[in-house]
Amino acid sequence: MTNLFNPTTVQALRDRIQGEVLLPSDPGYEEARAVWNKRFDPHPGAVVRCRSTDDVVAAIGFARDHGLPLSVKSGGHSYAGHGVADGALAIDLSLMDSVEIGAERKRAVVGPGVTWAEFDGAAQQFGLATTGGTASIVGVAGYTLGGGTGYLARMFGLSLDNLLSVEVVNAGGRVFRANQDENPDLFWALRGGSGNFGVVTSFEFRLHAVGPEVVSAQAFHPLEDAREVLRFYRDFMETAPDEVTVYALAMRVPPVEPFPEEQHGEVSLVMLASHCGDPQEGEGVLAELTGFGKPILAGVQRVPYTVLQQGFDAGLAPGPRWYSRAHMLSEISDGAIETFLEYAAALPGQFTVAYFEPLGGAIGRVDRDATAFPHRDAAYELHIFPGWTDPSHDEALMRWAREFHNAMAPYATGGVYVNLLDRDEEPRIPNAYRANYDRLSQLKAKWDPENLFRINHNIRPQP
């Protein structure tokens, strides 16, 4: 197979595209093959840096005609590192980064290489936004196709709930428009089915009036107070308006001012909150949160929406090795709190975090079979993700995450958000889709019967 990746054979592909085809010996190959999670160090046979839909068509055709494995990289932030694979032909969409904002109609049309920083920056020029990732360095494409939770999700639904239309290239190299009226079955599958059904080359989103200022709050509590804080958090979210999202995280206190020096590096329970509605109302609502207990540090402030969206960027910058385990929960019970704190007290790894994310609101007002994303009745998501840099620590940190995850299973629904699955979780893929899995498998057989798009959390075509 690798003999197909030689200058003579690849030249035929180069002659067909506007972008670049990079072999291992070419300048730019090392950058193009890199993925965010440094647990993975893939060496594809070639990388096609596409500039247009026609380039994507040509790359898919080349892989199909030569029987090559094919991977697709947009932002490259998959926990499972699926964007690039050893020996595969990798489609890199990062150059397809156009952003068009239709302010009057409240619409955005963006390319698959766009990050949320680029999207938010363009939309906020008109005081508009849609549900986007809480780290602005994340790509729009993979995030949306898997679901898309974030600060605005309880107000406006998941990112995929705000998706109006897509242009997609299927495994046969044909270009389709998919929306509620055209190819609605494909549109249903793409909203949650991740990269299983084709390569999306254009996304049209619904926008909403947001900002330019929103309210942000944080409260760091010592671990000995975490039990009471989590109970307060649970009660607070039960009556919180849709404008409010609060993440409850176990993390180490940053070794910087203004945190007290004696707390630097200590495990803490942190509430990070936003209110994306009326700022004056938001300040009052979030003051209740920061006023609880005796925090190490707490505060409420107005910030630009774009600043809120960049809050997790530093902690998720490229460099560390990451491992992921996640659950959906219908509630945070006392037993869940005790188990969470038992494992969070250790929190191994320099960058390790475990957190609860609230769902509900507009997310839960969509029928579970309206899109491929089925977890409409979940109240929370639990995400455990150790982060470290030394490869010799791989086994210990991954074991801790698996044990933590297994201990939390009795308090979970059995479902999992597909974007948070790691590479070693193939048996859990049906759990990401629950009752929608059979329909997705049938549609996979229609749109990708040979399973060309299989380097992902794969939905196998139904025989």
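Let's start at the side chain of His-457: one of its polar atoms sits 3.1 Å from the backbone oxygen of Leu-421. Keep in mind that we're looking at a predicted model.

Where along the chain are we? His-457 belongs to the segment that follows helix H14, residues 437–447. And is His-457 buried or exposed? Its relative accessibility is 10%, and buried means under 20%, so His-457 counts as buried.

In our model, four strands make an open sheet with mixed pairing, and the order reads S1-S2-S4-S3. Which strands are at the edges? They are S1, residues 20–22, and S3, residues 70–73, each of them pairing on one side only. Going from one strand to the next, the twist averages 20°.

Let's zoom in on one pair. S3 runs parallel to strand S4, residues 89–92, with four bridges between them. If you want to find the spot on screen, look for Val-72, which stands opposite Ile-91 in S4.

Finally, there's a helix on this sheet: H3, residues 53–66, packs on it and touches S2 (46–49), S3 and S4. The direction of H3 makes about 170° with that of S4.

Thanks, everyone!

Note on methods:
Residues are numbered from 1 along each chain as its sequence is written. This is a predicted model: local features need pLDDT of at least 70, side-chain atom pairs count only at pLDDT 80 or more; totals for chains, interfaces and linings use all residues. Side-chain values use heavy atoms; hydrogens and water are left out. Helices (H or I, at least four residues) and strands (E, at least two) are DSSP runs, numbered from the N terminus. Buried means under 20% relative accessible area, exposed over 50%, partly exposed in between (1.4 Å probe, protein chains only). A polar contact is a pair of N or O atoms within 3.5 Å; within protein, one must be able to donate a hydrogen and the other to accept it, and residues adjacent in sequence count only if both atoms are side-chain atoms. Two strands pair if DSSP finds at least two bridges between them. Axes are lines fitted to C-alpha atoms, for helices over the stretch in contact, and angles run from 0 to 180 degrees between N-to-C directions. Contact means heavy atoms within 4.5 Å.
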